[in-house]
Amino acid sequence: LPVWRGKIPTDPVGALGWVGPDNKSLLDAREPPVFLGQDARTSYFAQDISPWSPDPNGPAISAGFLDNSAQHHPYLAADQMFQDLRSSMLLLSPRDAELAATAKAILQWHSTHGFCSACGHKSDLRNAGWQRVCPACTASHFPRTDPVVIMLVTHGNRLLLGRSAMWPQGMYSLLAGFVEPGEPIEAAVRREVLEETGIKTAEVRYLASQPWPFPNSLMFGCIAEATTDQITLDPAELEDAVWVTREELVTVFAGEHPFIKQGRNGAIAHFLMTNWLADRLD
Ligand SMILES: [Zn+2]
């Protein structure tokens, strides 16, 4: 699976753009392929071909929140386009989504960890891409995954939603934040909610998880019960936060809310909100 600048080749019905090992698109790779897995007949690998340059006269690559551009490589099938996985993931089968997320996350890790973090020497890819080793000091480095908590914060019939100033207009979502060193998941949920909104929470329960390779997160979906409801925003983190009732969330999902736009399906936030709305979390 050639991967170009974090984008995965996908056709209009969600088939991944697999190529054979001698496909000429792979000639632009600077490092060996990374092993993804195997089934009865085939072993699957991903390889980073980011040095390739698409047609300079082609569409510009947008640098916004979501990259809506698509690029075609001349050595891939005619209907295969490099696309942002956020756009294409809903088309993929569960297995292909897992392979694509794995490929994107691990190649992103290689692209930013080419030098030993202990001594600074250039490191080498080992174990089919699941390790890097430093030839100077022999230190081993392993692919990194960053834990993130994302939470339904509820107060009776209401759910807490927030928005970052960088997000597209009208986008609100669940609060989220990185787990810090030495911190249990439950404490990370309580700390993030308190820091960002001043809301105190009591019981926290884990619900579900989702790998989120933008670039290497693992999202831990939780539910937390608020014991206070007075919002005090941290303007460095959030531009706005609001309580919405189940009835209001129905209007959001129907595209009829006065200022909150419907979130993109496919992300765990949408999954958690849908299940809270349907009262399916107990
Ligand atoms: Zn080293």
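Cys134 is buried, because its relative accessible area is 1%; buried means under 20% relative accessible area, exposed over 50% and partly exposed in between, with a 1.4 Å probe and protein chains only. Cys116 likewise counts as buried, at 4% relative accessibility. The structure is a predicted model, in which local features need pLDDT of at least 70 and side-chain atom pairs count only at pLDDT 80 or more, while totals for chains, interfaces and linings use all residues. Residues are numbered from 1 along each chain as its sequence is written, and side-chain values use heavy atoms, with hydrogens and water left out.

Both cysteines belong to a metal site. The zinc ion is coordinated by the SG atoms of Cys116, Cys119, Cys134 and Cys137, at 2.3 to 2.4 Å. Donors are N, O and S atoms within 2.8 Å of the metal (3.2 Å for Na, K and Ca); water is not among the atoms, so sites may look incomplete. In sequence, the donor residues follow the spacing C-x2-C-x14-C-x2-C. Cys116 lies in the loop between α2 (94-112) and β6 (124-126), and Cys134 in the loop between β7 (131-133) and β8 (140-141), so the pair ties together parts that are 18 residues apart in sequence.

The 4 donor atoms subtend angles of 101 to 116 degrees around the zinc ion, which makes the arrangement tetrahedral; four donors count as tetrahedral if all angles lie between 85 and 135 degrees. The ideal angle for four tetrahedral donors is 109.5 degrees.

The protein chain as a whole has 5 helices and 14 strands, which are DSSP runs numbered from the N terminus (helices H or I, at least four residues; strands E, at least two). Of its 282 residues, 45% count as buried.

Methods:
Four donors count as tetrahedral if all angles lie between 85 and 135 degrees; four count as square planar and six as octahedral if opposite donors are over 155 degrees apart and all others between 65 and 115; anything else is irregular.
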